[in-house]
Amino acid sequence: MSNKNYILLIATLLSVLFLTGCAQNAAYRTDYQPCVYAQSGDCTKHAIQHHAPGRPDEYYLSFIEFDDQGQLWEREQMRKVLDSYLPIAGVDDVLLVAYIHGWHHNADPEDGNIKDFRRLLTKLSQAESHGGTGRKVLGVYIGWRGDSITIPVINAATFWDRKNTAQKVGQQGVTEVLLRLEEIVNVKAGMETAKPQPFNSRLVTIGHSFGGAVLYTALQQILEDRFIDSRKNKTFTGDANGLGDLVVLMNPAFEALRYSTLYDISQDYCRSYFSSQLPKLAILTSETDRATGWAFPIGRFFSTFFETHTTLDRHNCKGVGKISPMEIAEGEADRHTVGHFDPYLTHRLNPLTSTEERSVNFNYHALQSRWSQQKVLGSFAFESTELIHLGKTVPNNPYLNIEVDQHLIEGHSDIWHDEIVSFLRDLIMISTSPGQSVQ
């Protein structure tokens, strides 16, 4: 074979590989009519779904999708989803949970993240039906192209391509969607009625991997602004606010340096928090996550090679008013992810050696009451996990950066073990249970 023909053959093979290995570059959910979902294979094109109407595991699940530039594929899709949820939230109390997937995932009906998110919604609905306050559970799955190439092994090379895309998605339309979701849970509070209505609706947002980067990018300035703005009349401090009621980042793929300001303001003067302060941000990172623990800093080493960094004089809090000076190496913080940068870790999550089976009508308000009683270096037992305070922050600091034992999350994508789903359910119930005094 001549060199010319050989080059032509290689070019043809590469072209075929590219065309057949490209991830879908279009929205998956193009039917905006509501659909009742009963089992896998149902409602594959539907953006609005209703699972198990009238049963204890009832929930709604809708989809909002973005392109590689962070633009909504169809604004009509977002409008239809919001329009379907607003009437529900105007009549009933709701628990609205939004999830942003990460690397190698999308809104394909067969994507495993969708199935796992359904499990979490089911557990939350069951908790609301039995030991909770009976709120309707509304889910929103925010989709984007977590892969540009679908060919196994080869798609590992898309890490930095998708990192850049995650930044774009977070900087563009996702913030609008999240603020509009916040409007939904506030709609009842803003209604004029002859008799004041209880306001028990709550919002939780969750992001995994680059989805965690999308979520944090979309909310970073909002979280900082609302923490500062929680100082009522700027003369005294109230409970710190966030976006909705809780933001959860799981194995997030972004630099620790981007978290520095939020960490610093939460540690300011090592002041105490009120016993009513609930968690507003929880970062969970597996100790064996190689993607964010190994690959990420290697890539950042080369991309930050010509940047200059300094050393920051900061402090930890060994207790209320107990300031412990520490130094932050900017270069290390800029190369390592937030969950693999030891100075910013505040907790560790371990499996419990023995667990007690919960009753169907378990009192989730009791969890919230116990949360207010945390101590420095203390522990908090959940259903099958134990949260250990590392003694770097004052109790009830609203921001938790948690190192997770490898038996609970093994690696980067294995985030849906039963123990973790139960932990997320409990943390969500702690952060969103209404009407409970925690004095």
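1. A disulfide is taken here as a pair of cysteine sulfur atoms within 2.5 Å. By this rule the count comes to two disulfides. Cys35 is joined to Cys43, with an S to S distance of 2.1 Å, and Cys270 to Cys317, with an S to S distance of 2.2 Å. With the bonded cysteines of the chain numbered in sequence order, the pairing reads 1-2, 3-4.

2. On provenance: this is a predicted model, in which local features need pLDDT of at least 70 and side-chain atom pairs count only at pLDDT 80 or more, while totals for chains, interfaces and linings use all residues. Residues are numbered from 1 along each chain as its sequence is written, and side-chain values use heavy atoms, with hydrogens and water left out.

3. The secondary structure of the chain amounts to eleven helices and 14 strands; helices (H or I, at least four residues) and strands (E, at least two) are DSSP runs, numbered from the N terminus. Of the 439 residues of the chain, 55% count as buried. Buried means under 20% relative accessible area, exposed over 50%, and partly exposed in between (1.4 Å probe, protein chains only). The chain exposes about 19,300 Å², and carbon and sulfur atoms supply 52% of that area; accessible areas come from the Shrake-Rupley method with a 1.4 Å probe, and for residues only the protein chains shown count as cover. Contact means heavy atoms within 4.5 Å. Among contacts in the chain between residues at least 6 apart in sequence, 75% join residues at least 24 apart.

4. The geometry and setting of each disulfide can be checked in turn. The torsion about the S-S bond of Cys35 and Cys43 is about -75 degrees, so that disulfide is left-handed. Cys35 counts as buried at 16% relative accessibility, and Cys43 is buried with a relative accessible area of 6%. For Cys270 and Cys317 the S-S torsion is about -90 degrees, so this disulfide is left-handed. Cys270 lies in the loop between α7 (260-266) and β8 (281-286) and Cys317 in strand β9 (residues 311-319), so the pair ties together parts that are 47 residues apart in sequence. Cys270 counts as buried at 1% relative accessibility, and Cys317 is buried with a relative accessible area of 1%.

5. A nonpolar core is a set of buried Ala, Val, Leu, Ile, Met, Phe, Trp, Tyr and Cys residues joined through side-chain atoms within 4.5 Å. The largest one has 68 residues, and those with the most contacts inside it are Phe66, Tyr85, Leu96, Leu181 and Tyr259. Helix α6 (residues 210-229) gives the largest share of this core, ten residues. Leaving aside residues up to four places away in sequence, Tyr259 touches Tyr216, Phe254, Leu281, Ile283, Val338, Tyr344 and Tyr399. A second, separate core of 46 residues includes Ala127, Phe382, Ile409 and Phe423.

6. Seven of the seven residues of strand β3 (residues 59-65) are buried, so the strand is largely enclosed by the rest of the structure. Both of its faces are covered, with Tyr59, Leu61, Phe63 and Glu65 buried on one side and Tyr60, Ser62 and Ile64 buried on the other. Two strands pair if DSSP finds at least two bridges between them. Strand β2 (residues 48-51) pairs with β3 in the antiparallel sense over four bridges, and the bridge partner of His51 in β3 is Tyr59. Strand β5 (residues 136-143) runs parallel to β3 and is joined to it by six bridges; here Ser62 stands opposite Val140 of β5.

7. A salt bridge is a side-chain nitrogen of Lys or Arg within 4 Å of a carboxyl oxygen of Asp or Glu. The whole structure has 28 salt bridges. One of them joins Arg75 and Glu176, with the closest N and O atoms 2.7 Å apart. This pair links distant parts of the chain, Arg75 in helix α2 (residues 75-91) and Glu176 in helix α5 (residues 174-186), 101 residues apart. Arg75 counts as partly exposed at 38% relative accessibility, and Glu176 counts as partly exposed at 24%.

8. Asp426 forms a salt bridge with Arg358, the closest N and O atoms being 2.6 Å apart. Both Asp426 and Arg358 are buried. Elsewhere, salt bridges that share partners join Asp68, Arg145, Asp161 and Arg162 into one network.
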